[in-house]
Amino acid sequence: MDAASGKRFAVTTVQLRSIVGGCVGNLIEWYDFLVYSIFSIYFASSFFPQGDQTAQLLNVTAVAAVGYVARPLGSWLMGRYADRRGRRLTLAVSVSFMCFGSLLIAVTPTYAMIGVVAPALLVVARLLQGLSMGGEYGTSATYLSEMAPKDRRGFFVGFLQVSVVSGQLAALALLLLLQHAILRPGQMEAWGWRIPFVIGGIFALFALYLRRGIAETDAFRETGIKEQSRGSMATLLAHWRLILLAIGITVGGTISFYTYTVYMQKFMVNTVGMTKEAASLTTAAALLCYLPLQPLFGLVSDLVGRRPVMIFFGAAGTILTVPLLTAMSHAGSAWEAFALNFAALFILSGFTSIHMLVKSELFPAEIRALGVGLPYAITTAILGGTTEWVALQFKAMGREEWFYWYVTGAILISLVVYLIMPETRRTSRLDGATTAGHHRAAR
């Protein structure tokens with residue numbers, strides 16, 4: 001191997017190590033954040049003992065929404081920090097917050113033991129998780145976008161969504177293991193639901209260790225602007241058109257994502273009539289098939305552009321959401337429910353695989369982490385975090401089909417944005433700085 005080849009190999013090694021480190025940390029963060037919703041069907045009665053199953057789920061999902069409300073604040077604080085002090089350090093801070101939130105849920109006594117203090121502590125823990133996730137996703141997306149090779153950004157950033165879904169699959173796999181191999185009937189509701197939060201806290205410590213050794217990006221190091229202007233809200237608001245564009249890109253996708261992933265387990269139990277175990281297995285199987293689609297759709301965007309891929313999601317989602325959810329509500333078997341869920345996830349991949357990359361390509365380096373994270377966090381707080389609550393409200397009213405149209409309308413809004421927005425692959429602001437990521441990792 002000659003010197004030039006060796007140098008290329010060394011650069012690639014640092015890139016891959018940093019991308020893997022960023023993705024693994026993101027996986028653990030999303031495991032911790034989503035395990036709340038996945039296991040909430042088991043611990044709802046521990047914190048909100050009054051009412052029927054739908055009423056309990058409404059209460060526990062209202063607390064889940066608190067985490068989404070906190071995400072804009074976390075995105076602002078940590079996005080600003082990432083643009084001023086660096087992406088790598090911010091990723092370490094965000095996972096520390098998640099660790100504390102998960103462990104607090106794990107040790108909180110039930111309503112029967114301490115009364116209203118129990119749901120109050122649940123709210124505090126969810127706030128910590130929301131602050132963490134608010135800073136995590138935007139900073140992770142910025143970091144991977146800046147670290148990835150120019151001609152394969154879509155492919156590599158697609159692994160960001162792989163880590164998101166892998167976190168959810170890890171939570172579902174643990175749920176299935178507890179249901180079928182470890183716990184006896186009744187133990188999950190009594191105390192078994194605490195196990196995933198203990199594991200999440202421990203894994204968050206491991207993610208903190210991993211992130212101490214990843215490299216800082218060249219795009220951050222080479223930003224020539226004064227430090228006080230980095231991460232500034234005034235600088236961000238000067239790009240208000242880009243903020244509105246980022247929100248429009250997100251609206252339909254975030255509601256669809258939480259519908260077909262986080263809420264789907266409850267939908268299969270509460271509407272389709274499946275058992276909790278069958279719903280968990282069906283959801284996990286659909287997500288497992290959805291996983292490899294993310295880098296593949298990202299690769300397609302590297303070849304044909306970002307807009308065609310997102311337009312596919314917008315058009316197919318607008319046309320097929322109502323038929324898919326209607327058919328799923330009448331699914332006669334787990335196989336039918338799986339096929340319909342995977343079909344919806346295939347369409348959703350046109351959004352989830354590249355939307356954070358598109359936003360990274362829109363904003364300049366000095367406000368990129370803030371610009372990518374904050375509009376996304378605000379949109380997710382308002383729409384994504386309330387998706388389950390809205391769906392259950394329509395269910396309680398006896399008008400569940402209205403929720404199908406709610407999702408469709410959101411996707412239609414984003415479709416209009418995709419049709420009029422520029423092609424960011426050709427005008428990417430990521431090209432303003434090198435992305436080799438060849439600086440040495442922090443010791």
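This is a predicted model: local features need pLDDT of at least 70, side-chain atom pairs count only at pLDDT 80 or more; totals for chains, interfaces and linings use all residues.
Two packed helices are described by the angle between their axes and the distance between the axes. For helix α15, which spans residues 306–329, and helix α20, which spans residues 400–420, the axes come within 8 Å. The crossing angle of these axes is roughly 170 degrees. Angles over 145 degrees count as roughly antiparallel, and α15 and α20 are therefore roughly antiparallel to each other. The contact of α15 with α20 comprises 14 nonpolar, 7 polar and 1 charged residues. Trp 405 is located in helix α20. The C-alpha atom of Trp 405 is separated by 7.9 Å from that of Thr 321, although the two residues are 84 residues apart along the chain. With a relative accessibility of 55%, Trp 405 counts as exposed, because the threshold for this class is over 50%.

The largest pocket holds about 160 Å³ of space. Its lining includes Tyr 42, together with Leu 178, Gln 179, Leu 183, Arg 184, Pro 185 and Gly 186. Met 188, Glu 189, Lys 276 and Glu 277 also line the largest pocket. At least two residues of this lining are supplied by each of the helices α6 (153–182), α7 (187–190) and α13 (276–290). Sorted by class, the lining of the largest pocket has 5 nonpolar, 2 polar and 4 charged residues.

A search of the whole structure returned 0 disulfides. Cys 23 has a relative accessible area of 10% and is buried. Cys 99 likewise counts as buried, at 6% relative accessibility. Both assignments follow because buried means under 20% relative accessible area.

Ala 369 belongs to helix α18, which covers residues 368–384. A relative accessibility of 2% places Ala 369 among the buried residues.

Arg 211 is part of helix α8, residues 195–211. The relative accessibility of Arg 211 is 0%, so this arginine counts as buried. Arg 211 and Val 24 are 187 residues apart in sequence, and the C-alpha to C-alpha distance between them is 9.2 Å.

Arg 221 is found in helix α9, which runs over residues 218–221. For Arg 221 the relative accessible area is 45%, a value that makes this residue partly exposed, because that class lies between the buried and exposed limits. Arg 221 is 144 residues from Ala 365 in sequence, with a distance of 9.8 Å in space from C-alpha to C-alpha.

Note on methods
Residues are numbered from 1 along each chain as its sequence is written. Side-chain values use heavy atoms; hydrogens and water are left out. Axes are lines fitted to C-alpha atoms, for helices over the stretch in contact, and angles run from 0 to 180 degrees between N-to-C directions. Helices (H or I, at least four residues) and strands (E, at least two) are DSSP runs, numbered from the N terminus. Angles under 35 degrees count as roughly parallel, over 145 as roughly antiparallel, 65 to 115 as roughly perpendicular and the rest as oblique. Ala, Val, Leu, Ile, Met, Phe, Trp, Tyr, Cys and Pro count as nonpolar, Asp, Glu, Lys and Arg as charged, and the others, Gly among them, as polar. On a 1 Å grid over the protein atoms alone, a cavity is a set of points where a 1.4 Å probe fits but cannot get out, and a pocket is an open set with protein on both sides within 12 Å along at least five of seven lines; lining residues have an atom within 4 Å of a point. Grid points are joined across faces, edges and corners, and a volume is the space filled by probe spheres set on the points. A disulfide is a pair of cysteine sulfur atoms within 2.5 Å. Buried means under 20% relative accessible area, exposed over 50%, partly exposed in between (1.4 Å probe, protein chains only).
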